[in-house]
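Subject: Structure for your review

Dear colleague,

Please find the structure below, together with its sequence. I would be grateful if you would read the notes after it with the model open.

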Amino acid sequence: MRRVLAGLACSISLASATVHYRLSPQPSAKTILVSITIDAPKSLEIFRIPAWCPGYYKLASYQKKIFDVKATDGEGRSLPSTSLDARSWKVFSESSRQLTLSYKVLGDDPGLGFFAVNVGGDKAFVNGAAAFMYADNRQLEDVDLTIQNPQNWDVATSMPDAPDDKFSSANYDEFIDHPIQLGKFTRKKFTVAGVPFEAIYVAPDNTPRCDLTAETERLNLVSKPALKLFGGSGFKKYLYIIHLEIGNFNGGLEHRACNVQAVANSPHLNLDDLAAHEYFHAWNVKQIRPRILGPFDYSSPQRTANLWFAEGVTDYYSKLHTYQSGLKTESWLREELAEQIRQLQGGQTRKAKTVEDASRNCWEYDGFSMGDLSFYTKGLIVGFLFDAAIIDATNGTKTLDDVMRALYQKGKLPKAGYGEDDIRLAINEVAGKDLSALYTKMVRSTDELPYGLANKIGIRINLSNAGRQNSNPVANNEFDVEVDPSASPQAKALYSVWLHRLNRID
């Protein structure tokens, strides 16, 4: 996920599904009607709505939008149901072969929808975590979804599809990680390395102000580097959902084979590195992930010290891949790094809290940071410095890309994710030397980052005013990232490795 400041696909048989969902938008009431039918229910079934949405590390109150909860048996007879707690409902079913729980969800998420459900006029958006309850102990069962749309409404989702607007998922985690766009919107398709992609543009008045062909070509270009880096993906198709209206959030949110972006309906969308960030999450977070982040416990905060890697290193790659795609210049890339350094050095929390602290405790803040210490910002810079350290240690034969590939191969779904210390071990393995002390300094201490590492790859970082009293280097724009004209021939060669990468897009 990334805030902008101013599917794993499957081919299961639908007949094998044991949990059946039905979704019906009700535009005039600004709601959706949801029903869940389970086969062979127990005498007591408990249904729960998640307390948070994967990708956004902050508790939500989705239960407040749910009402008119009812339960029936396979013959349509009412079953006793009651609220168990704020996010849970229990249903008593004695000898029924099926149980159906139905309820309505208010679709008043701001803008065109982002974290929750939005229904209005001729369109609707559904973020699965906000709309679909799960039955206790049945999250691993096969799922199917039937959509009953108003006439002339379209459907876009990254779920595998079948005739009659029916869709399938292998389990609940996968199911709710495929958001659903309904109604009126514009489709644009392209292919990258044989993989089908689609971008859909949703405007409140169905009139995008941008050149959709040009914007889609930019998405095409920025989608190439990650596929080349990893040599494949966990998805068989990929979907960009572009909402051309800002509600209460300006930015993007990743999903398993999809991302959603909320931006202004303007002539130039400027999606490049935002799109690259959310798209890179299809590997880093959805496949390369802390062990605690999948399978999910949706009932409480799931804490990991490694959000700096999940989000910050993803942001680092969004800059690299936007440059690699040909959409931005070399000077843009260096200036983006400089801006992140300005933001980090301009804060005070970094002096008292580590980036691991910020990762673990973001749930109590805004989901993005701890005070003015952002694990996005510091994580990006730490990723850059580890990249430099690996390039230097291997004389340019390895980069941080090799760490990403190693973690992907070792831990991608359905394998368990990485342990809390496995990133350090992977870095050491790729570097061919023990960088544990560097890891401790940058990730587990409040020491200043060793910016001098950049010199090893021919980059000079100007921190001339850092630490001086009565100076404001952030405001004075005095943190610069530039090519070092006095660098040795070896450092200049390593700069070329860093800039072009071993997997560069030709």
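Predicted model: local features only at pLDDT ≥ 70, side-chain atom pairs only at ≥ 80, totals over all residues.

Residues are numbered from 1 along each chain as its sequence is written, and side-chain values use heavy atoms, with hydrogens and water left out.

Salt bridges

A salt bridge is taken here as a side-chain nitrogen of Lys or Arg within 4 Å of a carboxyl oxygen of Asp or Glu. The model has 37 salt bridges by this rule.

One of them joins the side chains of Glu 174 and Arg 256, with an N to O distance of 3.9 Å. Because Glu 174 belongs to helix α2 (residues 172-176) and Arg 256 to the loop between β20 (251-255) and β21 (258-262), the pair ties together parts that are 82 residues apart in sequence. Helices (H or I, at least four residues) and strands (E, at least two) are DSSP runs, numbered from the N terminus. Glu 174 is buried at 2% relative accessibility, and Arg 256 is buried at 10%. Buried means under 20% relative accessible area and exposed over 50%, with partly exposed in between (1.4 Å probe, protein chains only).

A salt bridge of 2.7 Å, N to O, connects Arg 218 with Asp 272. This pair also links distant parts of the chain, 54 residues apart: Arg 218 is in helix α3 (residues 212-222) and Asp 272 in helix α5 (residues 272-280). Arg 218 is partly exposed at 30%, whereas Asp 272 is buried at 7%.

In the salt bridge between Arg 342 and Glu 335, the closest N and O atoms are 2.6 Å apart. Here Arg 342 is buried, with a relative accessible area of 3%, and Glu 335 is partly exposed, at 39%.

Finally, a network of salt bridges links Glu 356, Asp 357, Arg 360, Asp 421, Arg 424 and Arg 444.

The second largest pocket

A pocket is an open set of points on a 1 Å grid over the protein atoms alone, where a 1.4 Å probe fits, with protein on both sides within 12 Å along at least five of seven lines; lining residues have an atom within 4 Å of a point. The second largest pocket holds about 410 Å³ of space, a volume being the space filled by probe spheres set on the points, which are joined across faces, edges and corners. It is lined by 22 residues, and those closest to its centre are Ala 60, Tyr 62, Asp 109, Phe 115 and Asn 248.

With kind regards
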